[in-house]
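Please walk through this protein with me, starting from the overall fold and ending with single residues. Keep the 3D view open as you read.

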Amino acid sequence: MSLAAVKSARRAFEVLELFDRERRPLALKDVQTFLGYPASSGQALLKSLVTLGYLDYDGERRSYFPTMRIAALGAWVAEALFGDGALIAMMERLREVTGETVILAVQSDLHAQYVHVLRSGDPLQFAVPPGARRPLGASGMGWVLLSAKPDAEIELLRRRANLGAAVKLDREALMERVNEVRVRGYAFSKHTVSDGAGIIAALLPRGPFGRTFAIGVGGPVSRLEQKEPTIVSELRAGVARLAC
């Protein structure tokens, strides 16, 4: 696949994600402002999405808006991931009880990828978008996901991650983190990806299609340290309910 094709695909999803964030009609100048696209390429992209049926164009107001085709594309995903709603209910309870951001993650090759995020209402929050990725070997969510794997598979992933990496993952240090999760039943990462931010995460029972998911509560490290007993208790209770 050419670099131009990859660039075009990335930009198409960036536009759709922009609508998801703004949740209102957008003009070409809005797309230029938010995403920094040149006028010519931005207009060509928007017209293509209209032609494909993913956007509507309002000629009177010169604005674009997603069609229901977007909603239909992903409608099955929520049901496949969350089933009868018990997982979403668990995430909502975690947010309500802890007051912090709650995140669901799954392995995506050498990363832990956030597939669903319920944001805290606090002004000082753990602000991450769905789709964000964190390295498996250097993040709390990653250590939790690795804890479900055999040691031999973890070693293969570590070696792959180290290929061309500026900072190498040390085998003993990584396994110390993973084994700590196995013993305690959760990970508490502090200042690992962002200074001042942390996450307390645990493994979920085996998910749909045999995939392994992790759930975590993220926020400022100082707040998480104060709330650790409550967060861990809620995580364990929620995981137990899902396992029934």
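Start with the whole. The model is predicted. The protein has nine helices and eight strands. Its C-alpha atoms fill a box of roughly 60 × 40 × 35 Å, taken along the principal axes. Of the 244 residues, 40% are buried. Now consider contacts between residues at least 6 apart in sequence: 53% of them join residues at least 24 apart.

Glu17 belongs to helix 1, which covers residues 3-22. Glu17 and Pro130 are separated by 113 residues in sequence, yet their C-alpha atoms are 9.9 Å apart in space. Is Glu17 buried, partly exposed or exposed? The relative accessible area of Glu17 is 45%, so the residue counts as partly exposed, a class that runs between 20% and 50%.

Next, turn to helix 2 (residues 28-35) and helix 3 (residues 39-51). The two pack at an angle of about 120°, and their axes lie 10 Å apart. The crossing of helix 2 past helix 3 is right-handed. Which residues make the contact? Helix 2 supplies Leu28, Val31 and Gln32. Helix 3 supplies Ala39, Gly42, Gln43 and Leu46. Sorted by class, this contact has four nonpolar residues, three polar ones and no charged ones.

Now look at the rings. The structure holds one aromatic pair. Its members are Tyr57 and Tyr64, with ring centres 4.7 Å apart and 45° between the planes. Why does this pair count as tilted? Planes under 30 degrees apart would be stacked and planes over 60 edge-to-face, so 45° falls in the tilted class.

The charged end of Arg11 sits over the ring of Tyr37, 4.4 Å from the ring centre. Lys190 lies over the face of Phe188, and here the distance to the ring centre is 4.6 Å.

Backbone angles come next. Most residues other than glycine have a negative phi. Asp109 has a positive phi of about 55°, although it is not a glycine. Where is Asp109? Find it in the loop between strand 3 (101-108) and strand 4 (111-118). Asp109 is partly exposed, at 45% relative accessibility.

His191 also has a positive phi, of about 60°, and is not a glycine. The loop that holds His191 runs between strand 6 (187-190) and strand 7 (197-203). At 43% relative accessibility, His191 is partly exposed.

Finish in another loop. Ser147 lies between helix 6 (140-146) and helix 7 (151-162). Is Ser147 buried or exposed? Its relative accessible area is 13%, which is under the 20% cut-off, so Ser147 is buried. What does Ser147 touch, leaving aside residues up to four places away in sequence? The neighbours are Val178, Val181, Arg182 and Leu203.

Notes:
Residues numbered from 1 in each chain as written. Predicted model: local features only at pLDDT ≥ 70, side-chain atom pairs only at ≥ 80, totals over all residues. Heavy atoms only, no water. Phe/Tyr/Trp six-rings, centres within 6.5 Å; stacked < 30°, edge-to-face > 60°. Lys NZ or Arg CZ within 6 Å of the ring centre and 35° of its normal. Axes fitted to C-alpha atoms, helices over the stretch in contact; angles between N-to-C directions. Helix = DSSP H or I, 4+ residues; strand = E, 2+ residues; numbered from the N terminus. Left-handed = near helix turned anticlockwise from the far one by under 90°. Contact = heavy atoms within 4.5 Å. Nonpolar A, V, L, I, M, F, W, Y, C, P; charged D, E, K, R; others polar. Buried < 20%, exposed > 50% of the residue type's maximum accessible area, 1.4 Å probe, protein only.
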